[in-house]
Amino acid sequence: MSTANVLVVDDEDLVRWSLKQRLARDGYAVSEAATVASGLEQIGNDIDLVLLDCKLPDGDGLALLRRIKEQTPDTLVILMTAYSSVQNAVEAMRLGAYHYLNKPFNLDEVALIVEKALETSRLRREVRSLRTTQGREYSFDAIIGASPAIVQAKALMARIAASPASTVLLTGETGTGKDLAAKAIHYNSDRAARPFVNITASALPEQLLESELFGHERGAFTDARQQKRGLVEIADGGTVFLDDIGEMTPGLQAKLLRFLEDKTFKRVGGLTDIRVDVRVIAATNRDLESEVLAGKFREDLFYRLQVMPITLPPLRQRDGDIPLLVNYYIDRYNREFRKRVRGARPEAMLLLERYRWPGNIRELRNAIERAMLLMDRDWLEPGDFAGLMRGTGSAQQFQLPAGGVSLEEVERQLLVQA
């Protein structure tokens, strides 16, 4: 880890010397300035933290604090003064000061504050870096495909991400990428800096699911030994992704509808309404209109969710996307498995394009991963996908020939089996 750079700005020689000696002993690179002018000259020199006196010969420390935050917003500033007042302290914090120290101060106390401040700065940089990485990982370009069906879906996602829409409904078969679409909408919106939380409705019983969503008060039920914040509260300002929304019980559907209407909720066992600002992205592989007609899903909730619907197309309707996805996953697993697979043979690619992929992208990804784990060649062959069509209804009777045969031979053997 690189050494942190600390600048001490104070017109008292003894104060600067004392702080430099103490902080240098802790491994920091310490520079000094006795005036506002000399302090400003050094701000651009990768300074991580400034210890700044409020009264300087050529100006006001608060004015320098303002200039520092304008030029380098990430630089931490700790104000020092022998003339403390509540008004100055409030103004310093308003301008972005990390801390406010009264003179005379204890050097060990200053060293501890500096350590905590720099740790806070490091964590902020890591969070910012992580969010930047997530933004790239979940950009709309990360949704691989150039077919008209997926291009249209991505364009709609982009419009929704840029909009203030608070409710989105993602529909599509299992494995079409609804979770990736939800993250892309979140990380390309102005909510990206806030939490993205997800929960699968089918994974939990009703009471536990309600507690996970809305939290509970101490003693609300057996084993509720302390208060717990729910996911919608944790995600305030961000996004809640509710997967398998069609699996929710009628009772929880009613509570979710109320929450979507006014963005307020009560924790389980609670009496007080809590208000949050979240975008709810719901997802399902069911036909909710049919579920409404069958009395299994609330009609009012369906229409509330249906404000911004996006249907993700199945892989069999995405003409030309399979080669793009195959090459993407080959590159990915080359990195993960440290292999050098160059691609798929034409006859293997043709088989992959002709298969209907009932499990969609998830099934394709698993097929490529399994093939690359088991093979030790430069190219994927038809035989690497020998078990691909087993257990898929009428297709289970077919057996793909081993690798190394021509496309004509593959077609001949499949026709003979048919």
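Analyst: The order is 9-12-15-8-16, and the pairing is parallel. Strands here are DSSP runs of E with at least two residues, helices are runs of H or I with at least four, and both are numbered from the N terminus. Two strands count as paired if DSSP finds at least two bridges between them. At the edges are strand 9 (196-200) and strand 16 (309-311), each pairing on one side only. From one strand to the next the twist averages 20°, with axes fitted as lines to C-alpha atoms (for helices, over the stretch in contact) and angles running from 0 to 180 degrees between N-to-C directions.

Within this sheet, strand 12 and strand 15 (residues 279-284) run parallel and are joined by 4 bridges. Thr 239 has Arg 279 of strand 15 opposite it. Asp 244 is not a glycine, yet its phi is positive, about 55°. Lys 263, also not a glycine, has a positive phi of about 60° and lies in the loop between helix 10 and strand 13 (264-265). Most residues other than glycine have a negative phi, and most peptide bonds are trans.

The model is predicted: local features need pLDDT of at least 70 and side-chain atom pairs count only at pLDDT 80 or more, while totals for chains, interfaces and linings use all residues. Residues are numbered from 1 along each chain as its sequence is written, and side-chain values use heavy atoms, leaving out hydrogens and water. The average pLDDT (the predictor's confidence in each residue, from 0 to 100) is 87, and 91% of the residues score at least 70. Residues 391-397 stay under 50, with 7 contacts (heavy atoms within 4.5 Å) beyond four places in sequence. Where pLDDT is low, the predicted coordinates should not be read in detail.

Another open sheet has 5 strands in the order 2-1-3-6-7, with parallel pairing. Its edges are strand 2 (29-33) and strand 7 (99-102), each with a single partner strand, so one side of each has no neighbour in the sheet. Neighbouring strands are turned by 20° on average, direction ignored. Strand 6 (residues 76-81) runs parallel to strand 7 and is joined to it by 4 bridges; there, Ile 78 has His 99 as its bridge partner. Helix 1 (residues 13-25) lies across strand 1 (5-9), strand 2, strand 3 (49-53) and strand 6, at about 170° to strand 2. Pro 104 belongs to the loop between strand 7 and helix 5 (107-137), and the peptide bond to Pro 104 from Lys 103 is cis, with omega near -5°.

The largest pocket has a volume of about 600 Å³. Leu 180, Tyr 328, Tyr 329, Arg 332 and Arg 365 are the closest to its centre among 25 lining residues. A pocket is an open set of points on a 1 Å grid over the protein atoms alone where a 1.4 Å probe fits, with protein on both sides within 12 Å along at least five of seven lines; lining residues have an atom within 4 Å of a point. Points are joined across faces, edges and corners, and the volume is the space filled by probe spheres set on them. Helix 13 gives the largest share of the lining, 6 residues.
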